[in-house]
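Okay, thanks for making time, everyone. Let me put the structure up and then walk you through it piece by piece.

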Amino acid sequence: MPRITVDGQEFEVAEGRTLLQALDDVGVLMNGIDVPHYCWHPKLSIDGSCRLCQVEVEGVPKLQIACNTTVTDGMVVRTDTDRVQQAREGVMELLLVNHPLDCPICDQAGECKLQDYAYEYGVARSRTREPRRALKKNVDLGPTIVFDQERCILCRRCVRFCREVPGTGELVVQGRGDHSVIETFPGVPLDNDYSMNVADICPVGALTTKDFRFKIRVWFLEDVPGVCTGCSKGCNVHLGVANNKVYRYLPRRNDAVNETWICDEGRMGYKRIGAPDRLQRSLVRGELGVPEATGFDAAVQAAAARLDRLRKAPGAGAIAGIASPHATNEDLFVFRRFLGALGAGASGVAVTRGRSDALLIQAEKAANARGAAELGFDDAASLCERIRSGGVEGLVVLGHDILGPDYLGGVGALARVDTVIAIDTHASDLQRVAHVLFPARVAAEKHGTLTNHEGRVQRVEPAVEPAFDARSEGEVLAALGLALGLPGFDGRYDAHEVSKALAQSVPAFAGASLDSVGPGGAPLGGEGGGS
Ligand code: SF4
Ligand code: SF4
Ligand code: FES
């Protein structure tokens with residue numbers, strides 16, 4: 001492997017990489033060794049157009065662009081000389097000749113590479129008096145993105161993204177020289193399953209999403225690492241949080257999962273966290289069959305009384321459990337212990353399926369279907385037959401995917417079930433038939449881990465606190481277990497402790513507990529750590 005020296009530090013890097021790729025591979029790019037860049041992106045082809053990444057290479061008379069210079073053994077590079085600084089100033093000056101002085105009204109301000117690099121590497125004074133180029137503002141590129149032509153620095157990241165990632169190629173550079181502008185092909189809007197990634201990779205405020213623009217200034221947001229729960233890919237995201245509210249998801253780089261992308265549908269998944277149809281109160285069906293709001297403890301007692309009656313006659317074997325593929329591994333582990341201690345006769349998991357593609361989007365529309373399978377919850381299809389035929393008297397159900405067309409197909413199929421105890425996050429028809437209903441927390445409101453479809457265990461943490469009394473499924477089951485006097489249940493639920501117990505007792509989860517997986521997750525049955 002070639003050894004290179006950059007600013008006096010030696011690195012061993014992979015053969016055939018360019019300087020920027022090599023520095024990115026070893027984790028020092030803009031993280032100890034600064035080589036500012038606009039057109040280069042780690043997951044796109046090389047463009048070499050912005051010229052900002054110039055560096056000095058020993059033995060080469062002219063400055064070289066680091067994004068398109070292949071490393072060779074013994075290469076000595078300097079990124080911090082006067083010549084390099086002068087070149088950067090020149091590039092920044094040219095980029096700013098026509099750039100509007102829009103920062104106070106630009107939605108990118110605060111996370112704009114033009115602002116950052118102008119501050120770090122540019123000059124403070126402008127030498128031009130001529131008016132700036134006037135181009136189109138507020139161009140509607142399609143259902144998700146608005147374009148400001150004046151702010152564009154023609155790095156062509158967006159063009160390459162559309163060609164190389166979704167493969168839809170809606171964007172193009174139109175015109176030549178200083179008449180060049182980004183356009184869509186006539187009559188072809190920017191409209192693909194990943195369109196909003198162009199706003200993330202646009203280094204300036206030229207491309208912004210209709211969803212997020214002008215909602216909040218980005219410096220008010222705190223980035224909380226999390227996982228998208230839209231499908232079983234488990235894409236890594238940053239939740240942008242302010243005032244106990246999630247304003248957006250942005251992709252969080254994880255080369256083992258989603259690289260630097262997320263799909264548009266998953267991106268909009270943040271809206272589910274604070275959605276108006278979140279369940280907010282525990283409900284108990286009264287004597288007249290009408291659901292009545294009640295406190296958590298009263299709901300636990302009501303649920304325990306119903307399950308205890310069934311446990312005595314016809315027996316616990318007539319009780320079944322439906323696991324939710326949205327719950328964490330820890331919640332599901334408690335559920336497994338709960339059903340085992342109760343002596344329940346059957347269990348399964350219901351997973352809603354939908355569209356998939358070859359890039360990220362998976363058919364399983366839940367983040368933890370794999371975790372449920374690893375914990376022994378088989379597909380609930382056969383259990384549904386048993387429910388329909390009247391073989392189940394009591395049902396403890398997490399989530400409401402069981403009502404989908406692949407399973408029960410609606411609440412009518414539950415007509416013969418004596419007792420339905422539901423723990424769920426959002427409203428569904430289950431509310432109409434559940435005898436006791438507990439509001440549950442979503443992944444962004446609790447500690448835990450989720451296992452993606454490839455078997456990568458990834459952690460989630462509370463980004464926001466619900467404004468109502470919602471608890472994790474594990475917490476509800478812990479209280480219910482205590483009320484029923486089940487062995488091993490003392491009413492307490494601590495996701496960290498449960499995760500440790502899970503890692504100790506289920507071999508697949510060894511080394512993949514909440515406290516041992518890193519921010520990039522860890523493979524099932526792996527050594528833990530993660531990146
Ligand atoms: S719109 Fe943004 S990403 Fe596209 S070329 Fe212009 S600056 Fe680059
Ligand atoms: S591919 Fe799946 S996990 Fe990734 S962002 Fe889309 S919905 Fe979320
Ligand atoms: S990043 Fe190297 S030329 Fe643009």
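Let's start with a turn. E3 and E4 form a hairpin, and six residues sit between the two strands. In that turn, Gly59 has a positive phi of about 90°. Before I go further: this is a predicted model, so please keep that in mind throughout.

Strand E3, residues 54–57, and strand E4, residues 64–65, run antiparallel and are joined by two bridges.

Next, another sheet. This one is open, with three strands in the order E6-E7-E10 and antiparallel pairing. Its edge strands are E6 (139–140) and E10 (207–209), each pairing on one side only. E6 and E7 are joined by two bridges, and Val139 has Phe147 in E7 as its bridge partner.

Which residues are around ligand 1? Phe147 is one of them, and the others are Cys152, Ile153, Leu154, Cys155, Arg156, Cys158, Ile182, Cys202, Val204, Ala206 and Leu207. By class, that shell comes out as eleven nonpolar, no polar and one charged. As for the space, ligand 1 sits in the largest cavity.

Most residues other than glycine have a negative phi. Arg156 is not a glycine, yet its phi is positive, about 70°. You'll find Arg156 in the loop between strand E7 (145–147) and helix H4 (157–164).

Now ligand 2. Where does ligand 2 sit? The space it takes is the second largest pocket. Around ligand 2 we have Cys228, Gly230, Cys231, Lys233, Gly234, Cys235, Ile262, Cys263, Gly266, Leu360 and Ile361. That shell divides into seven nonpolar, three polar and one charged residues.

One more sheet. It is open, three strands, in the order E11-E12-E13, and the pairing is antiparallel. Strand E11 (222–227) and strand E13 (245–251) are the edges, each with pairing on one side only. On average, neighbouring strands here are turned by 35° against each other, if you ignore direction. Strand E12, residues 236–242, runs antiparallel to E13, with six bridges joining them. One pair to click on is Gly240 with its bridge partner in E13, Arg248.

On to charges. How many salt bridges does a search of the whole structure find? It finds 42. I'll show you one of those contacts: the side chains of Arg253 and Asp24 meet in a salt bridge, 3.1 Å from N to O. Why pick that pair? Arg253 lies in the loop between E13 and helix H6 (264–267), while Asp24 is in helix H1 (residues 19–25), so the pair ties together parts that are 229 residues apart in sequence.

Last stop, a backbone detail. Most peptide bonds are trans. Going from Ala313 to Pro314, though, the peptide bond is cis, with omega near 10°. Pro314 is in helix H7, residues 296–315.

That's my tour; over to you.

How values were computed:
Residues numbered from 1 in each chain as written. Chains lettered and ligands numbered in written order. Predicted model: local features only at pLDDT ≥ 70, side-chain atom pairs only at ≥ 80, totals over all residues. Heavy atoms only, no water. Near = heavy atom within 4 Å. 1 Å grid on protein atoms, 1.4 Å probe; cavity = no way out; pocket = protein on both sides within 12 Å on 5 of 7 lines; lining within 4 Å. Sits in = over half its atoms within 2 Å of the grid points. Nonpolar A, V, L, I, M, F, W, Y, C, P; charged D, E, K, R; others polar. Pairing = 2+ DSSP bridges. Helix = DSSP H or I, 4+ residues; strand = E, 2+ residues; numbered from the N terminus. Axes fitted to C-alpha atoms, helices over the stretch in contact; angles between N-to-C directions. Salt bridge = Lys/Arg side-chain N within 4 Å of Asp/Glu carboxyl O.
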